[in-house]
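This report considers a predicted model. It takes up overall build and then the contact between domains.

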Amino acid sequence: MITQEKYRTRVKELLANNSVKMVIGYKQGSTADRRRPLFVRSFEEADELVLDSNCIGNLAGYLVTEGLLSDEKRVGIFLRPEGIRSINILAAESQLNTEQIIIFGFDTSGREVKALQGEQAGDFSGLIDSLKEKPPEKSSDALLYRIDQMNTEERFAFWKDEFSRCIKCYACRQACPMCYCRRCIVDSNQPQWINTSSHTLGNFEWNIVRAFHLAGRCVGCGNCDRACPVNIPLRFINARMAQEVFESFDHYAGTSQTQEPVLASFNKDDSETFIL
Amino acid sequence: MTRILFSDKLDNCIARWRAAGLTVFGPVKTDTLSSYAAIEQASDFDFESVLPDRSIKDLFFPQTEPMLRYTIKKRAIETEDFTPPNGKRIIFGARPCDASGLAIDDSLFGWDYKDEYWIQRRNESVIVSIACTKADDFCLCSSLNLAPDSSTGSDVLLRPLENNNGWVVEELTDRGREAFLAIAELLQDGSDPIAPIADVPEKFDLDTCVAWLQNPENFESKFWKEISMRCIGCGSCTYLCPTCHCFDIQDEGDTYSGIRRKNWDSCSFALFTMHTSGHNPRATQSARWRQRIMHKFNYFPGTFSVNSCSGCGRCSRQCPVDMGITETLQKISTLQP
């Protein structure tokens with residue numbers, strides 16, 4: 001509650017002196033545990049801000065809403081550490097200018113919410129470096145462990161079964177801060193690169209193309225996984241890609257706004273083991 | 001005295017229906033998802049969940065449906081139609097909101113163009129609904145002139161007994177009577193008390209909302225932008241909706257041969273209304289959300305005299321950003337018409 005009050009006060013301060021035109025945060029949702037995105041433009045809206053351990057969605061994707069930042073005014077946003085990494089990637093990919101973003105960083109350990117020190121993306125580099133030092137724990141999840149133990153055929157069968165529920169609603173894409181393309185490859189229909197049908201081929205085409213596009217860019221915020229209405233465990237695909245990229249290229253997505261995208265840069269010392 | 005189907009007779013019923021050539025479907029829950037699916041035995045049914053995650057629409061209008069196979073030859077184009085799969089079936093344990101959803105879409109798919117896929121599946125399906133004794137915060141049938149025990153769209157309505165050991169049978173249509181003739185001797189006469197239906201509080205006054213939507217001045221209201229600001233533009237509300245029925249026709253294949261398919265499409269997508277010229281009449285997410293609400297509560301009833309919403313609440317229940325029809329209509333009901 002202390003962090004929430006502190007941040008509400010700070011949001012009002014920034015609105016009062018016109019330092020930000022809007023702050024993107026959370027408010028109470030339709031049930032006790034649900035929080036929904038809130039766009040704060042007034043003191044009344046600032047009083048609706050909620051910050052607690054139920055604030056789990058990564059809000060970074062709203063920053064690339066068409067036209068939001070084009071007036072060069074500043075926007076505030078509530079972000080967990082992975083959300084701050086998303087901001088760095090968006091900046092590295094020239095999607096936004098971090099000087100326009102005021103960050104209300106927070107993290108939850110247990111039920112308590114703690115504020116992160118800093119307001120500009122660069123202020124959190126120490127924190128993100130420390131996260132890189134302890135890379136994603138391998139197989140911390142029982143299902144991920146089970147997938148890791150599978151052979152290729154078993155793993156293919158596992159994902160074929162999981163993807164069979166896909167209905168092509170593209171909630172994973174829409175919820176993902178990294179899926180900012182104005183026209184996604186599935187929306188290209190001359191030619192239709194990706195089948196819109198949710199048969200086996202169409203489901204593999206979509207989910208694998210998305211996984212490749214997120215390699216070295218996914219920060220593991222879990223938005224896709226939570227958004228999926230048919231409960232496909234999408235986080236495992238992206239977590240695995242992140243692990244591969246980390247081990248092969250020492251690349252931890254979103255450490256800074258000048259970090260080169262791993263699939264758009266090369267180094268003469270890069271591993272070539274995959275070249276036959 | 002009423003006719004009662006006791007739960008312990010359900011396996012016998014399933015056997016009789018199968019012997020009569022019906023495939024038995026019903027609500028099924030797996031580790032990952034609940035939906036309407038084919039079942040083998042009574043223990044496969046999930047009667048405990050408030051309603052399945054996926055709507056009954058899937059069984060009548062699947063996400064992807066092959067329509068024809070084409071082959072382009074030197075002097076001719078050969079086509080071969082896919083006909084809807086034949087097979088009589090009984091869907092046991094449908095929720096009244098899902099059954100009502102089917103009745104709503106009957107008017108559309110049986111309108112000027114007769115959708116043979118929908119109509120054939122409807123004609124071959126017996127819908128046996130169970131009145132709801134449970135509801136959650138998202139259920140809203142009572143706000144839409146429906147109820148947890150609505151019989152719209154059902155061939156038979158079952159009312160759970162208070163002891164939770166069976167159902168009182170109300171046969172509503174000839175199709176329902178015929179299916180229950182096969183199990184007539186498994187039914188018993190009795191006067192066991194029925195369980196009270198679920199309490200679904202009214203969430204908004206529909207007439208007030210409709211009046212507001214019908215006022216042309218509100219089409220450009222700033223309300224639409226405000227209410228849909230957090231909409232991320234995915235199609236999950238439309239795809240889980242039992243009444244959303246939009247689709248796209250796609251040819252899959254190469255220049256010389258392929259399959260024409262009918263695939264779900266969603267008004268939430270920017271591409272849905274994109275013109276070849278690049279102009280998009282619904283250029284913003286707020287225009288798309290407005291379309292969804294207007295279609296369900298203004299345009300559709302204007303043509304078919306029924307709202308295109310049966311109050312299942314799936315749109316709100318699973319929305320990644322906690323939006324939905326309930327919140328929008330609740331807010332509209334507080335606005336000046």
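## Overall build of chain B

In this predicted model, the secondary structure of chain B amounts to 10 helices and 12 strands. The radius of gyration of chain B is 22 Å, close to the 20 Å given by the globule rule for 337 residues, so chain B is as compact as a globular protein of that length. Taken along the principal axes, the box filled by the C-alpha atoms of chain B is roughly 65 × 65 × 40 Å.

## Domains of chain A

For chain A, the domain assignment gives domain 1, covering residues 2-133, and domain 2, covering residues 142-251. To the contact between them, domain 1 of chain A supplies 15 residues and domain 2 of chain A supplies 12 residues. The C-alpha centres of these two domains of chain A are 26 Å apart.

## The interface within chain A

The size of an interface is often expressed as the accessible area lost when the parts come together. Between domain 1 and domain 2 of chain A, the buried area is about 1300 Å², with carbon and sulfur atoms giving 56% of it.

Between domain 1 and domain 2 of chain A there are 3 salt bridges. A salt bridge also joins E93(A) and R217(A), whose closest N and O atoms lie 2.8 Å apart. Across the same interface of chain A, 7 residue pairs are found in polar contact, both residues being at pLDDT 80 or more. On the side of domain 1 of chain A that touches domain 2 of chain A, helix α3 (residues 81-92) gives the most, with 5 residues, and the residues of that side divide into 5 nonpolar, 5 polar and 5 charged.

Methods
Residues are numbered from 1 along each chain as its sequence is written. Chains are lettered from A and ligands numbered from 1 in the order in which they are written. This is a predicted model: local features need pLDDT of at least 70, side-chain atom pairs count only at pLDDT 80 or more; totals for chains, interfaces and linings use all residues. Side-chain values use heavy atoms; hydrogens and water are left out. Domain bounds come from an automatic or database domain assignment. Contact means heavy atoms within 4.5 Å. Buried area is the accessible area (1.4 Å probe) that two parts lose on being put together, summed over both. A salt bridge is a side-chain nitrogen of Lys or Arg within 4 Å of a carboxyl oxygen of Asp or Glu. A polar contact is a pair of N or O atoms within 3.5 Å; within protein, one must be able to donate a hydrogen and the other to accept it, and residues adjacent in sequence count only if both atoms are side-chain atoms. Helices (H or I, at least four residues) and strands (E, at least two) are DSSP runs, numbered from the N terminus. Ala, Val, Leu, Ile, Met, Phe, Trp, Tyr, Cys and Pro count as nonpolar, Asp, Glu, Lys and Arg as charged, and the others, Gly among them, as polar. The radius of gyration is taken over C-alpha atoms; the globule rule is 2.2 Å times the number of residues to the power 0.38.
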